[in-house]
Amino acid sequence: MDKKTTICRGVSAVMPLCIGDFPFSFIVGALSVSAGMSIWQSTVWSCIVIAGSAQMLALNMLKAGASLGVIIFTTFIINLRHVLYSASLAGKVREASFFRKCFMSYALTDEVYATTIKEMEGNKENKYLFYFTVMLTFWGFWVLADFMGAVIGSSFPDIQKYGLDFAMVAAFIAIVVPQVKSQACTVAALVASMSGVLLVILPCSLGIVIASLLGILAGLAVDLTEERKEHHNITASAVGGVTHE
């Protein structure tokens, strides 16, 4: 497969996700201007961060008066899943140079990971070209959407009154709820939600950080309990089978 075909295939593969995520970055751009950023500050911010959930949360925490340390720690907790993405890809890019790995990790988003993970397996020809095509295409759309949102937002000084921030919250709920299928996920969601409400009185938005940690720990505890039960049942079945023989 030649390079031109690989590039076309990468753009085609990630394009539906670019279109789907366009409104997210657009809303972030519009609301960031209303939060006090200039158009270029908002655009550069999206160039660097590339994370809708983190950017939206940071905006809300800035409005609530949270300190920079709390904002950074909270967004770090929310995006811990990227550590798992990196661990999953590490064995598949072992032969890549240090700088290539750094560049790949720069924009390793949910969408880029989901689009490229199968392509990165093995020693497929032009697999890095495919990855960078997907990554840069998604990055370009994300930044463009933020820029357009910031331009539109600057034209409507009271754009926050139109409920765009709730549109983002509603979109997150629509994304998260279908993923709550297991008992561990259900417990984690319930604990985090209830803790978030009860701890909203804490200063500097610390309630969000603590609620996130409590939800993670609750889900992890349920998951480990289920694994122990499954392991116990398998062991009991094996012992019973040997005894019967």
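Me: In which hand, left-handed or right-handed, does α1 pass α2 in this model?
Reply: The model is predicted, and in it helix α1 (residues 3–34) packs on helix α2 (residues 39–49) with the axes 9 Å apart. The crossing in which α1 passes α2 is right-handed.

Me: How many nonpolar, polar and charged residues does the contact of α1 with α2 have?
Reply: From α1 come S25, V28, G29 and S32, which meet S42, W45 and S46 of α2. Sorted by class, with Gly counted among the polar residues, this contact has two nonpolar, five polar and no charged residues.

Me: How many charged residues does the contact of α6 with α8 have?
Reply: Helix α6 (residues 98–106) and α8 pack at an angle of about 35°, their axes being 10 Å apart, and their crossing is left-handed. On the α6 side R100, F103, M104 and Y106 take part, meeting Y128, Y131, F132, M135, L136 and W139 in α8. By class there are nine nonpolar and no polar residues, and the number of charged residues is one.

Me: Which element of the chain has the lowest mean pLDDT?
Reply: Over the chain the mean pLDDT is 81, with 87% of the residues reaching 70 or more. Among the elements, helix α8 (residues 127–155) has the highest mean, 91, whereas the lowest, 65, belongs to helix α9 (residues 164–176).

Definitions and conventions
Residues are numbered from 1 along each chain as its sequence is written. This is a predicted model: local features need pLDDT of at least 70, side-chain atom pairs count only at pLDDT 80 or more; totals for chains, interfaces and linings use all residues. Side-chain values use heavy atoms; hydrogens and water are left out. Axes are lines fitted to C-alpha atoms, for helices over the stretch in contact, and angles run from 0 to 180 degrees between N-to-C directions. Helices (H or I, at least four residues) and strands (E, at least two) are DSSP runs, numbered from the N terminus. A crossing is left-handed if the near helix is turned anticlockwise from the far one by less than a right angle, and right-handed if clockwise. Contact means heavy atoms within 4.5 Å. pLDDT is the predictor's confidence in each residue, from 0 to 100.
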